[in-house]
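The following report goes through selected features of the structure shown below, beginning with a single residue and ending with the arrangement of the chains.

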There are 2 protein chains.
Amino acid sequence: MDDRVRRHAGILTDYCTDVSADDDVLIRAPTPAADLVEALYERIGDRGARPTTEWRHPRATRAYGRAIDPDDVRTADHRLAAMAETDVVILIKGAENDAAGSDVDPETRAALRRAKRPVLDERLETRWVITQYPTAADAQRADLPTRAWEEFVYDAVDRDWDAQRAFQERLVDVLEPAETVRIVSGDDTDLRLSVDGMGAFNDAGEDNMPGGEVATVPVVDSADGTITFDLPVVRGGREIRGARLTFEDGEVVDHAAERNEAALTALLDTDDGARRLGELGIGMNRDIDRFTNNLLFDEKMGDTVHVALGDAMAECVPDDRELNESAVHADLLVDTSEDSRIEVDGEVVQENGTFAFE
Amino acid sequence: MDDRVRRHAGILTDYCTDVSADDDVLIRAPTPAADLVEALYERIGDRGARPTTEWRHPRATRAYGRAIDPDDVRTADHRLAAMAETDVVILIKGAENDAAGSDVDPETRAALRRAKRPVLDERLETRWVITQYPTAADAQRADLPTRAWEEFVYDAVDRDWDAQRAFQERLVDVLEPAETVRIVSGDDTDLRLSVDGMGAFNDAGEDNMPGGEVATVPVVDSADGTITFDLPVVRGGREIRGARLTFEDGEVVDHAAERNEAALTALLDTDDGARRLGELGIGMNRDIDRFTNNLLFDEKMGDTVHVALGDAMAECVPDDRELNESAVHADLLVDTSEDSRIEVDGEVVQENGTFAFE
C-alpha cells in the first residue's frame with residue numbers, strides 16, 4: 001500500500017476525529033478508496049474502536065434515483081438509527097465518473113436531499129470529517145495527470161496542521177474584533193461588508209481534510225459594492241464563468257456572467273436567502289496553489305477569498321443576530337494573489353497575497 | 001450490464017424477500033458485486049423502498065482483525081441499531097481472494113464472532129437472503145473457468161422456484177410424518193436415524209439463493225451406524241477428505257479421515273453438541289450438478305445427502321423436544337446418485353438419485 005495512504009488514514013483518525021475505544025465509527029467510501037478504508041480499519045483497530053463502512057456507489061444511487069417515484073421518497077430509518085448511534089463519521093470523496101448521477105431528475109434529487117436531512121442533522125452531531133481519495137476521474141476534472149493529482153492531494157493533506165492553525169489564528173485575531181471588511185481586486189471587485197459581532201472560524205482540518213481557511217459571516221444587510229469571480233462554479237451540471245454580482249444593503253441587485261448566466265439567475269432565484277451572503281472565507285492553505293474544480297480544495301486555496309450566497313455558517317453567528325437561511329450555499333471565488341487587497345477596519349490585512357502579519 | 005445480473009436482482013427483491021415500499025433494505029456486498037448492487041437499487045427504487053449498502057471489504061476486515069486487541073472487541077452499537085430498523089437483508093458473497101482473512105488470530109476471530117451475535121440475532125428477525133455473485137477467486141476454488149462458474153451460478157439461481165418448491169414439497173410430505181430414515185451408499189455408509197415428531201423444512205430459495213434442499217433434524221440420541229463422506233469439507237483452513245463417522249445412540253464413537261483427520265478430531269472435540277447431529281438435508285437442485293467447494297451450492301446439489309454435526313436447525317424441532325446445541329454446524333456430504341438408497345419407514349424413497357415419487 002502507498003505509504004501516503006497510511007499517513008492520510010492516521011491524520012483522519014488521530015488529528016481530525018481523535019478516534020478512541022469508546023467510538024462507533026461510520027466510514028462512507030467509494031470503490032476506488034478501498035486502500036484508504038483498509039488503512040483506516042487498521043488505525044481504528046489500533047485504537048480499539050468499531051468501524052463499519054457504507055459503500056458510496058454512484059451507479060447504484062443513480063439507478064435508484066431514476067427508478068424511485070419522488071413522491072415515494074422517505075427518510076431511511078435504518079440509516080437514521082445507525083447515525084444516531086455513531087460517534088465519528090469519515091466521509092471519503094473520490095469519483096470514478098463525476099457525471100455518474102447527471103441524468104437523475106432534479107425533482108427526485110431534491111426529494112432525496114430533503115429525505116436525507118434528518119440523517120445529515122444527526123451526522124453534524126458527531127465528530128465528522130470530509131476528505132478526498134485521489135482518482136483518475138477527479139484528476140481529469142482538475143485538468144491534471146492522475147499522478148500529479150495524487151501528489152497535489154497528499155501535499156494539501158499531509159502537513160503540519162498545528163503550525164497551520166497557528167498561522168490562521170493570526171487572521172482570526174484580526175477578524176474576531178473587526179467591524180468592516182473590504183475586498184478590492186483589479187477594477188472589477190470592490191465589496192464592503194460588516195462582520196461586526198460575528199465570530200471567526202479557524203478551519204485547520206478538523207471537519208475538512210484538507211482544511212485551510214478562516215471564515216466569518218457578513219451581517220445580513222451589509223454587503224455593498226461589486227464582486228467579480230475569477231474561478232468558475234458548477235451548479236446543476238452547468239459551469240458558470242465570469243460571474244459578477246452587485247450588492248446593495250446586503251442583497252444582490254444586479255448580476256451577470258460570461259457563461260451560463262441563466263444558471264446564475266436560477267441560483268439567485270432559489271429563495272430569498274439565496275440573494276444574500278452566508279459566508280466570507282479566506283483561503284490559507286498554500287499547498288493548494290491551483291484551481292482544481294473541486295470545492296474541498298478550491299475554497300482553501302492560498303491567497304483567495306470566497307463568499308457564499310445562501311445559508312449562513314451558524315457557528316459564526318451569535319444567537320441574537322439574524323442568520324441568513326437558504327436551501328443553497330454556493331461558494332464563489334476571487335483570486336487575491338495579484339493587484340488585490342483585503343482591508344479590515346481600514347487597515348490593509350492582505351496585499352497581493354501577502355498578509356500584514358507575516 | 002449482464003442481463004443475468006438484472007434477473008438475479010429481480011429474484012432477490014421479488015421472490016426471496018418481497019421488497020415493498022414499507023421496507024428499509026440493508027445490502028451487504030463486496031467490491032466485485034458492484035453490478036448486482038446497482039441492479040438491486042433499480043429494483044428497490046421501483047418498489048419504493050429504501051436501500052443502504054454495507055461494504056464487505058475483506059482486506060479491511062483483516063487489517064482490523066490484526067490490529068484490534070481481542071479484549072477490546074465489543075458489539076458495534078451503530079450496526080446493531082441499523083439492523084433493528086431493517087426489514088430486509090440481502091447478503092452477497094463473492095471473493096476477490098478467498099484467503100483474505102487467513103492470518104487473523106483465531107482468538108480475535110472468535111471474539112469478533114461473539115460480538116456480532118446480537119447483530120446476527122436481529123438479522124434473523126428480518127426477511128433475509130444469502131446469495132452469490134460469481135467472481136474469479138470463487139471460480140478458482142470451484143476448479144472452474146470464470147465464465148463456466150458464472151453459468152453455473154446463474155443456472156442454479158435462475159430457475160422456476162415455484163416448480164422447485166412443489167417438487168421438494170413431495171419429499172416434505174414423506175418426511176413430516178416419518179419415524180425413521182436410513183441412508184445406504186456403497187459398502188461404507190449405512191446410517192439409521194429417527195426423525196419422529198420433527199418438522200421438515202422446504203428450502204426453495206427464500207433464505208438461500210440458490211436454495212434447493214429439504215432438511216429435518218435427527219432425534220438427538222437416535223443416530224446409529226456408519227457414514228462415509230464423498231465430498232471434502234474445509235474447517236479452519238484445512239480440507240478434510242474421506243471422513244468416516246460411526247454413531248451409537250446419536251453420538252460419534254469412532255471417526256477417521258483419509259486426509260487431515262486431526263482437523264476432524266478438533267471439530268468433534270469443540271463441545272458435547274459437536275459429536276451429535278443437528279441436521280439431515282437432502283439436496284434437490286439438479287442444476288447444481290458438481291461439487292464447487294462452496295457450501296451455499298454444495299448442500300443443495302441434486303442427489304446428495306448431508307448431515308450436519310452440531311447446532312440443530314431450530315425451525316424443525318418442536319418446543320418440547322431436545323435441541324442439540326453447539327458452537328459448530330458442520331455439513332458433511334454423501335453422493336447418493338449411484339449405488340445408494342434412502343429409506344423412510346422401511347420404504348425406498350430415493351434409489352440411485354431417483355425419487356420414488358418422480
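Predicted model: local features only at pLDDT ≥ 70, side-chain atom pairs only at ≥ 80, totals over all residues.

Leu296(B) counts as partly exposed because 19 other C-beta atoms lie within 10 Å, whereas a buried residue would need 20 or more. When neighbours within four places in sequence are left aside, the contacts of Leu296(B) are Lys93(B), Ile130(B), Gln132(B) and Asn208(B). For one of these residues, Gln132(B), the separation along the chain is 164 residues, while the C-alpha atoms of Gln132(B) and Leu296(B) are 8.1 Å apart.

Asn293(B) is placed in the loop that runs between β15 (277-283) and α10 of chain B. Although Asn293(B) is a residue other than glycine, its phi is positive, near 65 degrees, and with 18 C-beta neighbours inside 10 Å Asn293(B) is classed as partly exposed.

## Other backbone features

A positive phi is also found at Asp18(A), where the value is about 45 degrees although the residue is not a glycine. Asp18(A) sits in the loop between α1 and β1 of chain A, and it is exposed, with 12 other C-beta atoms within 10 Å.

## Strand pairing

In chain A, strand β18 (residues 340-344) is joined to strand β5 (residues 180-185) by 5 bridges in an antiparallel arrangement, and within this pair Val344(A) is the residue opposite Val181(A). Strand β18(A) is also antiparallel to β19 (residues 347-351) of chain A, through 4 bridges, with Arg341(A) and Glu351(A) as bridge partners. The hairpin formed by β18(A) and β19(A) has 2 residues between its strands, and Asp345(A) in this hairpin takes a positive phi near 50 degrees.

## Domains of chain A

Chain A is divided into domain 1, residues 3-157, and domain 2, residues 161-355, and the centres of the two domains, taken over C-alpha atoms, are 26 Å apart. Their contact involves 18 residues of domain 1 and 16 residues of domain 2. On the domain 1 side, the elements that give two or more residues are α1 (3-16), β4 (127-132), α6 (136-141) and α7 (146-157) of chain A, and β4(A) gives the most, with 5 residues. The residues on this side divide into 11 nonpolar, 3 polar and 4 charged.

## The contact between chains and the core

The contact between the chains takes 40 residues from chain B and 40 residues from chain A. On the chain B side, two or more residues come from each of β1 (24-30), α2 (34-46), β2 (50-56), α3 (58-67) and α4 (77-84), the largest share being the 8 residues of α2(B). By class, the chain B side has 18 nonpolar, 9 polar and 13 charged residues. Chain B is superposed on chain A by a rotation of 179 degrees with 0.0 Å of shift along the axis, at an RMSD of 0.2 Å, which is the relation of a two-fold axis. The same surface serves both copies, since 100% of the contact residues of chain B recur in chain A.

The buried residues of α4(B) are His78(B), Arg79(B), Ala81(B), Ala82(B) and Met83(B), and they pack against β1 (24-30), β2 (50-56) and α4 (77-84) of chain A as well as β1 and α5 (106-123) of chain B. The largest nonpolar core has 92 residues, and those touching the most other members are Leu36, Leu40 and Ile90 of chain A together with Leu36, Leu40 and Ile90 of chain B. Beyond four places in sequence, Leu40(A) touches Ala9(A), Leu12(A), Thr13(A), Ile27(A), Pro51(A) and Ile90(A).

Terms used. Residues numbered from 1 in each chain as written. Chains lettered and ligands numbered in written order. Core = buried A, V, L, I, M, F, W, Y, C linked by C-beta atoms within 7 Å. Contact = placed C-beta atoms within 7 Å. Pairing = 2+ DSSP bridges. Nonpolar A, V, L, I, M, F, W, Y, C, P; charged D, E, K, R; others polar. Least-squares fit on C-alpha atoms with pLDDT ≥ 70 in both. Domains from an automatic or database assignment.
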